[in-house]
Every structure is written in C-alpha cells, then in structure tokens.
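Please look through the sequence and the model below before reading on. The paragraphs that follow begin with the backbone and then turn to the side chains.

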Amino acid sequence: MSTITTYRPLFQLDIFHKFFLDDGLTPFDTNETILKKQLQEYNWNSFGKIVPTVETKVNLQNHSMLLKPSPLGFVVLIEAELLNDTAPNYTPLIALDQDLKLEFYIQLLDPKFYNYTDLDPAFDSPLFLSNHATLYNAAAPVYLARHNEESNAKNHSVSEAFKDFLIKKYGDIRTEKPFIISLKMRDAGSGLNLVLLNGTLPQHTPHFKIVFHNRKTIWRYYSGATKDLICTTEPEEKPLVQQGIVPISNAGTDYPTPTPNRIYQDRDTDGSLIKTYSNIYIN
C-alpha cells in the first residue's frame, strides 16, 4: 500500500468579538441567521493578528507545520501520512511529543480596542488562554472553549503570581501583545488534546474559540448648543455595538447609539473601575 502525504489541520481556533458581531441587543451566537449574516463581513484582523512566539516559530518549522490566518481566527496545519485508506488515520510525518506546546500572541492593532471591549488593561491583562493547566492555575484552570460552547475572554485573567510569571517568560506580553494562547499536544486533565495517545490525529479536528465581549457603558445625552444633560441611562449600562440598534428614547424622541471613540471612566483610589460613560452630543 502506498503512503499518501498531505497537510491536515492540527487545530482550528476562532476569535470572535461581540462588538462587531452582535446585532444591537441580539447576541450573534444565539441566532443562526444573524450568525451567518454577521460572519460574512467579519474579519478579526480589524483589531488584532496572531503572532507565534520565537520558540513556536522554530517548532512549526521543525515539525513541518503551517500557520494559516483567516478572517475568523487561524488554523495550524501539519504534514501527515494517510496509513489506511478504508479508515482514514493520519499520522504526523514528524512525531509530536505529548508535552510540546505551540504558543502565540494576540497582537492588538486597534488603539481603541479597550474602549469597546469588556476588559480593563490595568487588571485583566495579560490573559492566558490554553488547553492545559499550569502550576499557577492547577487548582482551578480555565480552558479554552470548544467551538460549540460559551466563551468569555475575561474569564482567562490570571492571579498576580501568574501574571508576574507570564511577564517574565513572555517579554512582549505587557505592551502590544497582551494575550497569550498556549496549546499543548496532550493534557491529562482538560480532555482538549490535539493528538491521540498513539500520536495520530483525531478524526475530528480540535476546534476552539475565544469570544471577546463588548463593553457596556452608561449613556449620557447632552445638548450640543447648551451642553445641558438631556437624558441618561444611568444607572443602567448599555452595550456598545457596531451594528444594529440599541433602542433609547425619551419624551418621544429616539436617540442614537454612541461610538466607542471616546469613553469616560470613574475609578476609585485603588484604580478599580467604578463606572464607564459614553457622552453623546445632540445638535
């Protein structure tokens, strides 16, 4: 029997942001029609891109892997052999050690990212998004979500001790690359393995997702002429969205949705966020 060599997906990871994908107050991932419509125009590279660490660049090359970005996220392909035509069974051309890790930064491209994202860079950075536990989070690890599960990137924030470790290990993580994705070939506890125990690829490609949630703010409407406050949603916060309508009306007048270009924050003496406002001036 001849051996067939081809590139097969090792894993796929989607990176979604509700600011771009939600339709007003309707979450994109609760409505199949909205999901298909919004994903047609979605490209996560409008706010970020994937960057492999120096070590991962070497591992990709040494194990005959390819990193392929896409509008929805990215996929890593690996050269593999088809050993059985009747029951497709692919084995990596270069064997993968079970402890091998592939690690990537999410590099932010949009300077306004934190304006419309439910993350506070002072407290929620860095994030550690992984399919395995570490010494720092072994007691209660938070794993990457599968593609059909709920996800909130904010849940991957880390303890102060873990943060210090990450900053020392990944020199770029504090600045423009504040999030690290770490994927291990096999982990005993998570069940989110990239390869089977015998080293072959699973028949169904491991498919993960990360969802960044949109920031909610208190909306305040002012007269453009007098600067007087016309109305406010306080104390209720409303989600910032790029598409759709978040209905706001007062005395029979409908008011527009604010943009994330500028937000105003109240913080306490420790720097913790108390309230976030969006100001809109009506002519």
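Helices (H or I, at least four residues) and strands (E, at least two) are DSSP runs, numbered from the N terminus. This is a predicted model, in which local features need pLDDT of at least 70 and side-chain atom pairs count only at pLDDT 80 or more, while totals for chains, interfaces and linings use all residues. Residues are numbered from 1 along each chain as its sequence is written, and side-chain values use heavy atoms, with hydrogens and water left out.

Most residues other than glycine have a negative phi, and most peptide bonds are trans. Against that background, Lys227 has a positive phi, near 65°, and its place is in the loop between strand E11 (216-223) and E12. Ser64, also not a glycine, has a phi near 55° and lies in the loop between helix H3 (54-62) and strand E3 (65-70). With a relative accessibility of 15%, Ser64 counts as buried, a word that means under 20% relative accessible area, whereas exposed means over 50% and partly exposed in between (1.4 Å probe, protein chains only).

Which residues does a cis peptide bond with omega of about 0° join? They are Ser125 and Pro126, and Pro126 lies in the loop between strand E6 (101-108) and strand E7 (127-130). Another cis peptide bond, with omega of about 10°, joins Glu234 and Pro235, and Pro235 is found in the loop between strand E12 (229-232) and strand E13 (238-239).

A nonpolar core is a set of buried Ala, Val, Leu, Ile, Met, Phe, Trp, Tyr and Cys residues joined through side-chain atoms within 4.5 Å. The largest one here has 57 residues, of which Leu10, Phe11, Ile106, Phe179, Ile181 and Phe212 touch the most other members. Two or more residues are given to this core by strand E1 (4-17), helix H1 (18-21), strand E4 (73-82), E6, E7, strand E9 (179-184), strand E10 (207-212) and E11. Apart from it lies another core, of nine residues, including Tyr105, Phe128, Ile173 and Ile180.

If neighbours within four places in sequence are left aside, the residues in contact with Ile181 (heavy atoms within 4.5 Å) include Leu13, Phe74, Glu103 and Ile210.

Finally, helix H4 (residues 160-169) holds Phe165, which is partly exposed, with a relative accessible area of 31%.
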